[in-house]
Amino acid sequence: MIISVILIPFIAGILVPAMPFQKRWQKEVFLETAVVLNSILVWYLLLHHSDSTFLLAHFTGNLNISFRVDGMSMVFAGLVSALWPFATLYAFEYMTKENNENVFFLFYTLTYGVTLGIALAANLLTMYFFYELLTLVTVPLVMHTLTREAVLASRKYLYYSLGGAAFAFLGLIMVIVYGSTTDFIPGGVLDPAKTAGKTDILLFIYVMAFMGFGVKAAVCPFNSWLPQAGVAPTPVTALLHAVAVVKSGAFAIIRLTYYSFGTDFLKGTWAQDVVMVIVMFTIVYGCSRAVKETHIKRRLAYSTISNLSYILFGVVIMTPLGLVGALTHLVFHAVMKISSFFCAGAVMHQTDRHYVHELDGLGYKMPRVFGIFTISALALMGVPGLAGFVSKWNLAGAAVESGNPLAFGGVACLLVSALLTAIYMLTIVVRAFFPEKDFDYSTISDVRDPGWKMLLPLFVFTLFIILFGVYSQPVVDFFMGVATGAV
Amino acid sequence: MYLILSSIFFPILAGLFLLIRFRTPLSGENRAVSRKTLTSLIGALLVITAALVVAALMCAKDGFTLFYLTKNLPVCFRIDNVGRLFSMLAVIAIPCAGFFSFAYMKHEARESRYYGFYLLAFGVLNALCFAGNLITFYLFFELLTLSSMPLVLHNGSKEALMAGLKYLFYSLCGAYAALFGIYFLYQNCDSLTFTADGALRASSIAEHGGFLLVTAFVMLLGFGVKAGMFPMHAWLPTAHPVAPAPASAVLSAVIVKAGVLAIIRVVGMFGRDFLRGTWVQTVWLILALITVFMGSLLAYREPVLKKRLAYSTVSQISYILFGLAVMNETSFTGSLMHVLAHGFVKAALFLCAGAIIYKTGKTRVAEMRGIGKEMPLTMWCFTIASLGLIGIPPTGGFVSKWYLALGSLKSGLPVFDVLGPVILLVSAMLTAGYLLPLTIHGFFPGADYDYGGFQKKEPCRLMTVPIVILTMLSVLTGLFPDMVAGIIAMAITGR
Amino acid sequence: MDFICNFPFFSILLSLFSGTVCSVLPAKAAKIVNRVVILAVGLMSAALLLYLLSTGESFIYWMGHFPAPWGNEIRAGVLEAGMALFFCIIMYLSMAGGAHKLPGEVVESKHNLYYILVNLLLSSLLALVYTNDMFTAYVFVEINTISACGLIMIRQVGRTIEAAVRYMIMSLLGSGLLLFGLCIMYDLTGHLLMSNIKESVELIVANGEYQIPLIVSVALMCTGLCIKSALFPFHAWLPDAYGYSTVSSAAILSSLVSKGYIFLLIKIIYRVIGFSVFNSTRMIDVLFVFGLMGMIFGSLSAIKENDIRRMIAFSSVAQIGYIYMGFGMGTQAGMVASIFHILSHAATKSLLFIAAIGLTDVSGGSRRFADLTGSAYRNKWAGVAFTAGSLSMVGVPLFSGFISKLLFAQAAVQVEGKMLASLIVLGISTVLNAVYFMKTVIRIYTATTETPYEGITFRHMKAYAVTLVFFILLNVILGVSSQPVVNMIGQGLAMFA
């Protein structure tokens, strides 16, 4: 059962180029059905999970590949499987303008399976395995257009990701050697008897592993691959580089911090301070770069960098509340950012405009897209009543509650970043809706909103942004359950 | 409950409807509806809203919770007397400026967008006045910024866009600074519901008193941005000249006061006893006095009329803030009275300036020689309003400043008890210095004035009537201060 | 003594004689003989391995039944048999994978010479693996050098001759040092048989005499073998030698020849000097440091390289650095990791060489990256194989490279003082590996629209493709079910003691 949700996307993906589709719609129906079915299966699995571990293969010693559903995997797998069908739908329309669709959909669907693998992994080794695999299956997606830019971007992506994994690997080793098991257990698995006297080295390796997984989560100074990877088609940038791939990094760090090393071991040490400072710096750094950037997708990518560090900030507070904040932002940011990316993609698809200064007046021609973009912008800024406020509230609340003076500084960083978010998001909105006085509307006379396949996901995401904004209690309660180990 | 809700959401929905239904036509000509229909529709909407607000003010008693943002974060509304006072100002000034704009906006493009956001801002302001806790307040505070920003950049010129963005980012910066404080308040209070005498837990004060003072200061600075307090005042003189005159009027008379309202609320949350005598109070007093003096001085040196008025707003709002910072009842009374007095006066002044610009196109003070001959009614109103701002009896400005000075002298603060009134006085003189020349040169252009090109330019009723109403109100507050003081006394005590 | 105990001796002799036989056979027959011999030796080693696993202890074989010190001894344990088996597999696959290139690379008349050299190489490797006698070892080291030189030079291009000369000089320097060390050791102990030397060394150490000569001798032997196995900084001969020789030679040289010397070094450490004595010398720290440096500098040179085969060759320098790092840790775990890496690297590196040739073939024979653009689409099998090899090198799970990395890291954690250094260098080296291997992978998968080169399909390279598949399988098997192999290595090391 649990392995099938990982395999179905693999099979479906491989079938795409193999099957003799006569018409495009057949392929679309086939893929969408497979993805939706798989998502339903995932949700069924999550809702009816048992606590048993599914052992797939045995490596050396006590290292094995196995899967299990626990609270964290419910969050991540649930999120990914909820977003994927919509993103696929969006991709159908978006990809009409690109070549090599089959290869694209092959790897796009494969990635679904791999991401689920990360989410459902029962131990650190399994997660590491899928983590590496994720890099490999997503490279062809980044490279998709095969322009020089794309090749350079994918190269960089590979170097960074594999390199990061190499250091994350050190963390894995530490857990293997000094832990009682590599399975994920809330509170960590380090064996106090073995770690005695080796605290500093373990902490050092934790920082290394944090940075290693942090490469995928675009922690400064390892963030430059993400904006560059924006050359990929928008469904990739939106789903993978705002959610699946980058959040895998954050997810892995959560696993490492809360389920392997354990917060008791890490809290209050210099390692916590170090990672917190790095994360805080990234929050501000990402935003400031976003303000400077004029390419829409790259701007959003820098925004992602900053927002990922919001999540990590919640993680490194290392209290249950911090984890709640992190999880809230993990989910809410996914919806907000995918929504804004899809809007950007819709603009690029409809008008071939890629830079902020080309957006003048488009708000009147694409009211739906830009209306939704405005909502997601406000949500990202953290206007109350929208999803972003709730997650920021939880993060800041956790930071204040932790009583860690450094975390207070983190709250300030969050707010500085909110201001910068306002600057880089609202300038786009203002341009679109309030062009200059003597703007010539004839230049955009044939621009219009995209078709339903693109709009439907946008509407759904917007709905959720608002819903989470005004009524998030059940979700947050669930996260609380996950963080305290009750789920 | 429904009255409050409808007074908030009716204008908001109406505004949204306008924005969506009458999306700006791409060329100026093929409008969806005739201008007359549009203006009468909006006039009706403004009147209905105003009526709703008045009804809410009179009838609604109990507060209520609309929904919960997250656990322990209710969005709730309640009418108290401070809110009532601000609401009174809004409900008069906004429709007045609205009617004025029917005439003023005749030649501007995209009127429906302007009115849409105008109504939005109206509804949001009502919500601000009726907000029952800090989170609700913050929610609408952000929305206020967002909905008033399009009013500033309405005419779409490069400067207007830049000014709009400047306004937006200054305000958001302030809002986020305030949010920083809210996070900490939330942890150290039992609830964020407004109170006038401190909501901090005693244990929290004992434990993190020092840090809470920092928090209070950050919140003051943050909300102070909206109120144009030094050092974050720079958006005001940029935003006002480029905005349409009625928008400036609303901005200066009402929206800026949202910052004042916020600061009153914050001080209430922390409690005056907690803040009194601390470094926060001292720094606050210094900042307020600097702003008072600097605003006047800059206004005195400013040649462009609307910008001069904007600097004047900077200065005058800090009168109010000074009164709040002194933290006794007399000065608090003075502050609240100055809210009303300055609101009416400044709205009137901006509308006058708007009328002048509309009729003559002149923006610089130096060009306005003889304007009193051309537009006597407007200039009379301007003169009377000026007197109010300077603080000459029998206008409202006199009464409020009287209270402010009195409160300061009574306060027993070292240095500031005397320094305050002195600076207020100097600033009043400067106010006279920058406002009265207009009147003097307007009515007495001098011997070399060319009467040949003279013609009557008195604007139409739609413009003059709001100006006259506002001017009269500014005088009335001075003539019957007891009535106002009564409400204020209720605001201070009767809760 | 079972009949099967003769197998080591048979395999050495078989390959030695087949070499001689090849000289009179026509090229085609020589090729068949060569393949058959490799297969036969492989089978014998496999049988021997099974036998040893079942008996659970090693044996010593007296050649001609003369006991020491007059006779010559052969020793076979699990490790030796396993290594011999593995060498045969790699050699067979390498020969098969490079066979189609041979006519283009070597003139027709020299073909049987080529097979002679290969057979000689095999016999010398087997001898290095099995011998229990230092002098025999030295003799076969020389034979190994000569045949390796021949294999490099047989492709008569200007650079190969230069490379061969270079290799010859460096190798002879290495064997010279080995011989010096050997002589000193003989002086100290009066023995040439490994087991006898070890006894005497233990005595000397226990008495505390002749410390300096002992260390000098150890150092000389180590240095000699290090030079021969191209440990940084003695690697200058390697890129040219591997980069320009025939494909099969490159694959064999990189994956087997240097590994033969390393295996000899392991034997010397365990069987001659004694593990604990060796660890007590400063030698392991030296090996450790140079191993780490090799890991970094080898990769850095590879990054700078613009020639795919030289790049792979430089990568060998880095990988050999890994192995010496494992030695340098001075623990059983480190040694296990090193030996596993010998296997893993052999399997991977030969795969890479063979795959690279497929790629260069469809790019007009050019090895420059610019020309290789998109070559993976022209030769899909080679593309996939190269990718698999690269992933293994980078240490992606499922491939053998991951397991060796895992073993190294686990071993490193147990060594207090060297842990951080090795872990960090391991990380950095992985990053560097990722840089140059992934750069190449992306390059070969970057489609170009206008290319002057023709593609090749499965039909035209069946043998080649099958070889690649076997190589990949070998890699994956090592990567997935590594536990038996690791156990076997542990068992073999236990037999050494």
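**Figure 1. Where chain B meets chain A.** In this predicted model, 41 residues of chain B are in contact with 39 residues of chain A. Put together, the two chains bury about 3,500 Å² between them, and 75% of that lies on carbon and sulfur atoms. There are 2 pairs of chains in contact, and A and B are the pair that shares the most contacts. Don't look for chain C touching chain B, though: those two do not touch, and their nearest C-alpha atoms sit 40 Å apart.

**Figure 2. The salt bridge between chains A and B.** How many salt bridges does the rule find across the interface of chain B and chain A? It finds 1. The partners are A:Glu436 and B:Lys158, with their closest N and O atoms 3.6 Å apart. Chains B and A also have 4 residue pairs in polar contact, counting pairs with both residues at pLDDT 80 or more.

**Figure 3. Where chain A meets chain C.** Here 35 residues from chain A are in contact with 35 residues from chain C. The pair buries about 3,000 Å² between them, with 82% of it on carbon and sulfur atoms.

**Figure 4. A nonpolar patch on the surface of chain B.** Seven names to find here: B:Met1, B:Tyr2, B:Phe9, B:Leu13, B:Leu16, B:Ile20 and B:Leu66 form a nonpolar patch on the surface. Together they have about 690 Å² of accessible area. Helix α1 (residues 2-21) of chain B brings the largest share of the patch, 5 residues. B:Met1 sits in the segment before α1. With a relative accessible area of 42%, B:Met1 is partly exposed, because that value falls between the 20% limit for buried and the 50% limit for exposed.

Figure 5. A:Lys156 lies in helix α6 (residues 148-178) of chain A. Is A:Lys156 buried, partly exposed or exposed? Its relative accessible area is 26%, so A:Lys156 counts as partly exposed. Leaving out residues up to four places away in sequence, A:Lys156 touches A:Ser224, A:Trp225 and A:Gln228. A:Gln228 is 72 residues from A:Lys156 along the chain, yet their C-alpha atoms are separated by 8.3 Å.

**Figure 6. A:Arg255, a buried arginine.** This one is in helix α10 (residues 234-261) of chain A. A:Arg255 counts as buried because its relative accessibility is 0%, and buried means under 20%. What does A:Arg255 touch, setting aside residues up to four places away in sequence? The contacts are A:Asp70, A:Met72, A:Ser73, A:Ala119, A:Ala121, A:Met127, A:Phe184 and A:Ser260.

**Figure 7. Two cis peptide bonds.** Most peptide bonds are trans. In chain A, a cis peptide bond joins A:Cys220 and A:Pro221, with omega about 5°. A:Pro221 lies in the loop between α8 (199-216) and α9 (225-228). In chain C, a cis peptide bond joins C:Phe232 and C:Pro233, with omega about 0°. C:Pro233 also lies in a loop, the one between α9 (211-228) and α10 (238-244) of chain C.

**Figure 8. Two residues with positive phi.** Most residues other than glycine have a negative phi. B:Val415 has a positive one, near 65°. B:Val415 is in the loop between α16 (396-411) and α17 (416-443) of chain B, and it is exposed, with a relative accessible area of 58%. Over in chain C, phi of C:Leu398 is near 90°, again a positive value. C:Leu398 lies in the loop between α18 (380-394) and α19 (400-414). C:Leu398 is partly exposed, at a relative accessible area of 32%.

Definitions and conventions: Residues numbered from 1 in each chain as written. Chains lettered and ligands numbered in written order. Predicted model: local features only at pLDDT ≥ 70, side-chain atom pairs only at ≥ 80, totals over all residues. Heavy atoms only, no water. Patch = residues over 30% accessible without salt bridge, like charges linked within 9 Å, V, L, I, M, F, W, Y side chains within 5 Å. Areas by Shrake-Rupley, 256 points an atom, 1.4 Å probe, with all protein chains shown as cover. Salt bridge = Lys/Arg side-chain N within 4 Å of Asp/Glu carboxyl O. Helix = DSSP H or I, 4+ residues; strand = E, 2+ residues; numbered from the N terminus. Buried < 20%, exposed > 50% of the residue type's maximum accessible area, 1.4 Å probe, protein only. Contact = heavy atoms within 4.5 Å. Buried area = accessible area lost by both parts, 1.4 Å probe. Polar contact = N/O pair within 3.5 Å; in protein donor to acceptor, adjacent residues only side chain to side chain.
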